[in-house]
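Please show the sequence and the structure first.

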Amino acid sequence: MVQLALPPNARIDKSAGKHYPAPSGARRVRTFRIYRFDPASGQRPRIDRYDLDMEQCGPMVLDALLKIKNEVDATLSLRRSCREGICGSCAMNINGVNTLACTRACEDLGGGDVSIYPLPHMPVVKDLVTDLTTFYAQYAAIKPWLQTRTPAPPDRERLQSKHEQQRIDRPSACILCACCSTSCPSYWWNSERYLGPAALLAAYRWIVDSRDEALGERLDALEDPFRLYRCHTIMNCAEACPKDLNPARAIGAIKQMLADRQH
Amino acid sequence: MAERPLSPHFTVYRWAYTMTLSILHRVSGLALSLALVAFVLWLVAISLGPASYDAFSPALQSWPVRILIALAIIALLYHFANGLRHLAWDMGWGFELRQARASAAVVLIVVAIASIACLVFLFRHGAGA
């Protein structure tokens, strides 16, 4: 259901934020306003402000976050791994848009403070770390593996033409960072029942795979007012995707396939 | 251990054309449903004969009602124009981001021009009545 206001325990305590000033002699100071939640404290979430000297900081938002964690405040929690946009761990909301901290340059954020929140409308484990259990369960629900009925050829793999491979090239590039699903208002209001753009893009990837033989079952599983049709083509997903993928188009294609098989 | 708080969403996500056009589509659709009720009441007034129509029509000339009619016209134009955008998507066209941005701009510009034209025409011809 649409619920614009946060539950009481999730509301940010505006009086509680801490401020960490830049070291003296800092020349190019930029303030990072970061969402903090400590489950052990019993306190509500707060916004801490960290003033960094950008002359002493790497270019990406992830560099700034790690500088804070290493040099200013070791209690800051975040996920990160590859720092080059292929693992999807450091997905978060930066200046109002979901993206990967490792591929977003601080300079590209314009002037002013940088606001960093966890992925929207998700349960927060700690600080910028959200609980992605439901998101992963939705991915598993679309059965993201090759399903075949015919026996495999005895002497070779199940081959694809170059064109057939190209159809799954783009959707296979999804890194499951959850930027798209958590940018989608429809997913916010119905995350328990709507699969969301990431899972549906993955569903599309297997639907159009020339080797897969479970097309009917895959479409049956999606023909549901909530799982698929809560997509209202808002397009936040495609705007947010850090890999320049287009879940909205994939969902549109699934809707077309469902319409086409009616007659 | 405290219950996990829900991360901020609506209040922190940067407002963009995507959500704006989507929510306007819903709002205009809802407004048109309500306008349809008023329209049916007007038809009922006509069907009951001149006396009831004469009793009903002065209300249409009042400024609050005129403003509501103007809003209904804008809602109709918007819902129609953006509905065409949705139809195009349903046929698989216009999903590229540059296309979606361009179609959004076209919808808003067309609706603005058509609304002004409609309202100028209506109130110029309606004001003397």
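Q: Is A:Arg83 buried or exposed, and what is its relative accessible area?
A: A:Arg83 is exposed, where exposed means over 50% relative accessible area, buried under 20%, and partly exposed in between (1.4 Å probe, protein chains only). This is a predicted model, in which local features need pLDDT of at least 70, side-chain atom pairs count only at pLDDT 80 or more, and totals for chains, interfaces and linings use all residues. Residues are numbered from 1 along each chain as its sequence is written, chains are lettered from A and ligands numbered from 1 in the order in which they are written, and side-chain values use heavy atoms, with hydrogens and water left out. The relative accessible area of A:Arg83 is 56%.

Q: Which residue meets A:Glu217 in a salt bridge?
A: The N to O distance of this pair is 2.9 Å. The two residues belong to distant parts of the chain, 68 residues apart: A:Glu217 is in helix H6 (residues 215-222) of chain A, and its partner is in the loop between helix H2 (133-141) and helix H3 (162-172). A:Glu217 is partly exposed at 43%. The partner, partly exposed at 49%, is A:Arg149.

Q: What is the bridge partner of A:Ile34 in S6(A)?
A: Helices (H or I, at least four residues) and strands (E, at least two) are DSSP runs numbered from the N terminus, and two strands pair if DSSP finds at least two bridges between them. Strand S2 (residues 29-36) of chain A has 6 of its 8 residues buried, and pairs antiparallel with S3 (residues 46-53) over 8 bridges. S2(A) also runs parallel to S6 (residues 114-117), joined by 3 bridges. In S6(A), A:Ile34 is partnered by A:Ile116.

Q: How many residues does the largest nonpolar core have?
A: A nonpolar core is a set of buried Ala, Val, Leu, Ile, Met, Phe, Trp, Tyr and Cys residues joined through side-chain atoms within 4.5 Å. Among the residues with the most contacts inside the largest core are A:Phe32, A:Ile34 and A:Ile116. Helix H5 (residues 196-207) of chain A gives the largest share of this core, 9 residues. The whole core has 69 residues.

Q: How many disulfides are counted over all chains?
A: A disulfide is a pair of cysteine sulfur atoms within 2.5 Å. The sulfur of A:Cys179 is 3.6 Å from that of A:Cys177, the closest cysteine sulfur, and is therefore too far for a bond. A:Cys177 is buried at 9%, and A:Cys179 is buried at 0%. The count of disulfides over all chains is 0.

Q: What is the relative accessible area of B:Asn82?
A: B:Asn82 is located in helix H3 (residues 63-90) of chain B. Apart from neighbours within four places in sequence, B:Asn82 contacts (heavy atoms within 4.5 Å) B:Leu21, B:His25 and B:Val107. B:Asn82 is buried, with a relative accessible area of 1%.

Terms used
Salt bridge = Lys/Arg side-chain N within 4 Å of Asp/Glu carboxyl O.
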